[in-house]
Amino acid sequence: MSRQDGRGTTPPTGSERFYNRIAVLRTERGLSRQALADAVGVNYQTVGYLERGDYNPSLELAFRLSELFGVPVEAIFSRQPMRPMSEELYSRTASAGGG
Amino acid sequence: MIADPPIRQRRLRRPAFTATRVTLAILVGLLTLTILPFGGMGAWLIGYVFLVLATCVALRNARRQPGSWLGRRVVRRGLVGLIAVTCVVLVATPAPSNTSDTGSTGGGLLLLVVFLVVLNIALGGATQRVAAAPDSSVDERQEAMRNRAHRIAYVVFAVAVGGTAVVADVASQQTRSWLGWSFRGGGLFAFLELLFVLPAMVLAFLEPEFRPSDVREVMEAPRQSTGTRIALTLLTLTMGLPFLMSVLVAVLPPRTATTIQAPSGPLRQQPGAPSATTTCREFFARRDVGYGVQAALQLHAQVCWDGRRAVEDYGMNQSDCHPDGTDLVTVATTQCTRTTDAKGTLAFTYRTSVSSGLTPFFTRQVTLQLVVDRNGNVLQFP
């Protein structure tokens, strides 16, 4: 997921931008940024860059986050702006109940 | 629930080959090549070098708080600017030669390199040494930053250093000559500095400012440990001391010692020399300016008088007008005269301009003057 062209930490723009729920998932689990950083093996500042969408992680790091949070990668990252989890959850419940 | 993933923990290890270690090696080499052969630079300079080494050790062992003042963007860019300016000054500093100002040039060069070492240490702390870190010591974002900094630094180095060398080599004989002496002097250190530290400079310059949210958790911890306070104190002392001592050259009252005694040797027999009724005295004056960064100027002359005129027996020729000793300063003789007026009064004047190699804009005029009338009255000394 990271850009491998070497431009490094230039904030992704336009079609390069990924949206994520890392901050929500981290807060739900009561993790500090430092704890999350230690758990996935990155610098704590990198967590801030990830949460703001200023840095797109590599596939390896994305899967590490997925494994840590216990949710699929697509539940953490998206190319579209994320809807609130509660909204997404209720819409699924409603569609399941209605179907 | 949090899963229990098999995560590879990356521990930040200290890299074996860093800009800091390279510059320390340069410093040790410089000490070996500069201080030992020339000697006489004063015990304080050796003490200062030990202070630098202690500062390096303290900074390396201090617990650095990411997001603290040293990592602020304005501080990082300030460090980059200071290093760039120091490199420019180094390029303009010739190699020590076997002339009378050897100690001055060599000492100034040494001070600049010591200053550069301290700046490099601070830069390493400000960038958390990411620029020189191996892959195993950085995460993927830092790795991308580091690689980008190295790419940019490569281009900047090639254009700045390579371009300058090529242009200087083909432009004229003068620039070719400059290229030669520069690389035998401070230019060599500037070259090595840019070769090894430019990526860290690029990184420090480009890395964005920390977001408050990125550092909040860290800032909640005690801000400074005792080790950090000691390191910051030593850093301030190390960086401020050379400037302080350089300024002292201009502001510290000079220390003067004078002696007047009977001639220790036989008078010279020369045309116009005094007759048997002549009285002679030997005048010796020494004036020290500055402390540590200092110059010792001396006036030594033998004067004779016979009631009609005062004449010199020896001393204060052009060859006498040079400093007795210099430590890290440049002494330029602006006046060296010996005159006898119509009343038979003899005046020796030795006037110099003293400036530190580190702060050449602080200049002090030092004058040693001896005035003796025809009856042997000392009107001024010094």
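How many helices and strands does chain B have? The count comes to nine helices and nine strands. The model is a predicted one, and the predictor gives the complex an ipTM of 0.77 together with a pTM of 0.61. What follows takes a look at chain A, then at chain B, and then at a helix pair and a loop in chain B.

Chain A has 99 residues, and 31% of them are buried. Its secondary structure amounts to six helices and two strands, and reading along the sequence gives the order β-α-α-α-α-α-β-α. Looking at contacts in chain A with a separation of 6 or more, 64% are between residues 24 or more positions apart.

How confident is the predictor about chain A? The average pLDDT of chain A is 81, with 82% of the residues scoring at least 70. Among the elements of chain A, helix α4 (residues 59-69) has the highest mean pLDDT, 94, while helix α6 (residues 85-98) has the lowest, 71.

Turning to chain B, 36% of its 382 residues are buried. Of the contacts in chain B with a separation of 6 or more, 75% involve residues 24 or more positions apart. The pLDDT of chain B averages 76, and 73% of the residues score at least 70.

Now for the helix pair. Two packed helices are described by the angle between their axes and the distance between the axes. In chain B, helix α3 (residues 73-91) and helix α7 (residues 186-206) pack at about 165°, and their axes are 10 Å apart. An angle over 145 degrees counts as roughly antiparallel, so that is how α3(B) and α7(B) run relative to each other. The crossing of α3(B) past α7(B) is left-handed. On the α3(B) side, the contact is made by Arg76(B), Arg77(B), Leu79(B), Val80(B), Ile83(B), Cys87(B), Leu90(B) and Val91(B). From α7(B) come Gly186(B), Gly187(B), Phe189(B), Ala190(B), Glu193(B), Leu194(B), Met201(B), Ala204(B) and Phe205(B). Sorted by type, the residues of this contact are 12 nonpolar, two polar and three charged.

Finally, there's a backbone feature to point out. Most residues other than glycine have a negative phi. Gln128(B), which isn't a glycine, has a positive phi of about 55°, and Arg129(B), not a glycine either, has a positive phi of about 55°. Where do Gln128(B) and Arg129(B) lie? Gln128(B) is found in the loop between α4 (102-126) and α5 (140-171) of chain B, and Arg129(B) is placed in the loop between α4 and α5 of chain B. Are they buried or exposed? Gln128(B) has 20 C-beta neighbours inside 10 Å and so counts as buried. Arg129(B) is buried too, with 23 other C-beta atoms within 10 Å.

Technical notes. Residues numbered from 1 in each chain as written. Chains lettered and ligands numbered in written order. Predicted model: local features only at pLDDT ≥ 70, side-chain atom pairs only at ≥ 80, totals over all residues. Axes fitted to C-alpha atoms, helices over the stretch in contact; angles between N-to-C directions. Helix = DSSP H or I, 4+ residues; strand = E, 2+ residues; numbered from the N terminus. Parallel < 35°, antiparallel > 145°, perpendicular 65-115°, else oblique. Left-handed = near helix turned anticlockwise from the far one by under 90°. Contact = placed C-beta atoms within 7 Å. Nonpolar A, V, L, I, M, F, W, Y, C, P; charged D, E, K, R; others polar. Buried ≥ 20, exposed ≤ 12 C-beta atoms within 10 Å, placed from the backbone. pLDDT = per-residue confidence, 0-100.
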